[in-house]
Amino acid sequence: MASPDTLIQFDRLRDRLIGEGVARRHVRRLLGELADHYEDAVRAGLAKGLDTETATAAAWQRLGSEDEIAASILALPELRSLPARFPRTISAAGPILLWVGITIASCFLLAGFTHALQTFGLVPPPRTSIEPIWLQNLLNVMAFAYLRVLPVAIGAGIAFTFARHLLVPVWTISGAVALSLLSGFLSYSLTFPTEVGQAGALQIGWAVSSVQLRSSLMFTAMNICSILVVYWLARRSRGSRHMA
Amino acid sequence: MAKGKTNPEFMTGVPELLILRLLSEREMYGYELVQAIEAVTGEEIKVGEGVVYPILHALEAQGCLSSKRKPVNGRTRVYYATTAAGKRRLGTLVGEWQRITGAITLAMKGSKHGIA
């Protein structure tokens with residue numbers, strides 16, 4: 001029953017609400033309910049004997065203007081998304097906290113996993129060093145992922161969210177730079193036990209050293225670029241959808 | 001002929017009060033609720049109907065309302081009902097409303113301070 005004009009009006013309202021930071025789940029549900037309400041109002045008008053054009057106009061009038069509806073939604077902080085309510089925290093501190101949290105949590109998970117493997121006899125007792133070899137490889141891959149892949153993935157995810165909400169780029173850029181600096185200058189070393197009963201070690205450190213300055217700066221620049229490319233692409237795709 | 005929208009200056013908090021009051025009797029979906037508001041107020045109170053939904057969502061976010069989807073005549077409706085917290089809030093709002101309307105009524109009648 002919705003006419004092309006109606007769909008355009010709802011589309012415009014949706015873009016406006018998302019652009020102003022209303023949570024997508026609320027936007028989706030609000031627009032669904034508004035569309036249902038509009039449909040009911042048009043049906044009621046037709047049932048009273050109005051022609052389609054008059055019934056449609058009356059339904060819009062009952063629903064209220066786009067400005068009225070948008071203002072009533074934007075006045076309610078409960079309906080805003082987390083990035084819109086706390087842009088500084090989410091974009092600047094969020095990526096770092098998330099990254100550190102995931103790293104610590106997965107270290108515990110990995111420790112539990114290897115302990116379970118040994119408890120249930122799925123890994124033979126070590127003879128000369130930690131075995132099997134695939135576990136060593138897995139640990140190396142995971143340590144690399146924590147330092148080089150996870151920060152970019154988190155930064156890109158947050159940049160994508162901010163771009164979709166059309167939030168102020170300065171916070172996204174600050175968050176990307178902070179996370180990239182932290183991860184770019186991090187170094188890690190994995191020491192596997194060489195004797196039975198000896199503990200291994202995962203060391204993570206942050207330092208600005210002249211020896212590694214070049215590679216650290218390179219990693220930092222790569223991380224910033226990766227995050228900002230995602231942000232730019234997401235903004236661009238939103239922009240082109242607006243134009244369509 | 002339907003009356004125009006109620007003076008917005010007097011409407012702060014009124015839709016919330018009416019919504020909680022009506023939903024405390026039975027669950028309703030948005031369109032049904034708007035019809036009920038018009039019916040119980042003798043069409044004296046008219047709100048922009050689209051404005052009702054953000055209030056419903058905010059009340060739900062505050063824990064005053066619960067919602068569930070129900071299929072009705074081939075369409076899915078979102079039905080709202082008051083929760084225990086919503087009933088407590090309604091009690092508070094009714095108390096405040098009665099206090100204010102009592103005071104305004106008293107003032108309109110003219111007080112002992114003698115408004116001519």
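Me: Where do D11(A) and R14(A) lie, and how far apart are they along the helix?
Reply: Both sit in helix α1 of chain A, residues 4-19, three residues apart, about one turn of the helix. Helices here are DSSP runs of H or I with at least four residues, strands are runs of E with at least two, and both are numbered from the N terminus. This is a predicted model, in which local features need pLDDT of at least 70 and side-chain atom pairs count only at pLDDT 80 or more, while totals for chains, interfaces and linings use all residues. Residues are numbered from 1 along each chain as its sequence is written, chains are lettered from A and ligands numbered from 1 in the order in which they are written, and side-chain values use heavy atoms, with hydrogens and water left out.

Me: What makes D11(A) and R14(A) a salt bridge?
Reply: A salt bridge requires a side-chain nitrogen of Lys or Arg within 4 Å of a carboxyl oxygen of Asp or Glu. The closest N and O atoms of D11(A) and R14(A) are 3.3 Å apart, so the pair meets the definition.

Me: Why is D11(A) called partly exposed?
Reply: Buried means under 20% relative accessible area and exposed over 50%, with partly exposed in between (1.4 Å probe, protein chains only). D11(A) has 38% relative accessibility and therefore counts as partly exposed. R14(A), at 25%, is also partly exposed.

Me: How do you know that D40(A) and R75(B) join two chains?
Reply: D40(A) forms a salt bridge with R75(B), the closest N and O atoms being 3.0 Å apart. D40(A) lies in helix α2 (residues 24-47) of chain A and R75(B) in strand β3 of chain B, so the pair joins two chains. Both residues are buried.

Me: What makes strand β3 of chain B mostly covered?
Reply: Of the eight residues in this strand, 75-82, seven are buried.

Me: How do you know that β2(B) and β3(B) pair?
Reply: Two strands pair if DSSP finds at least two bridges between them. Strand β2 (residues 65-72) of chain B and β3(B) have eight bridges, in the antiparallel sense, so they count as paired. In β3(B), T76(B) is the bridge partner of P71(B).

Me: What links E27(B) to K68(B)?
Reply: A salt bridge does, with the closest N and O atoms 3.8 Å apart. The pair links distant parts of the chain, 41 residues apart: E27(B) is in the loop between α1 (14-23) and β1 of chain B, and K68(B) is in strand β2 of chain B.
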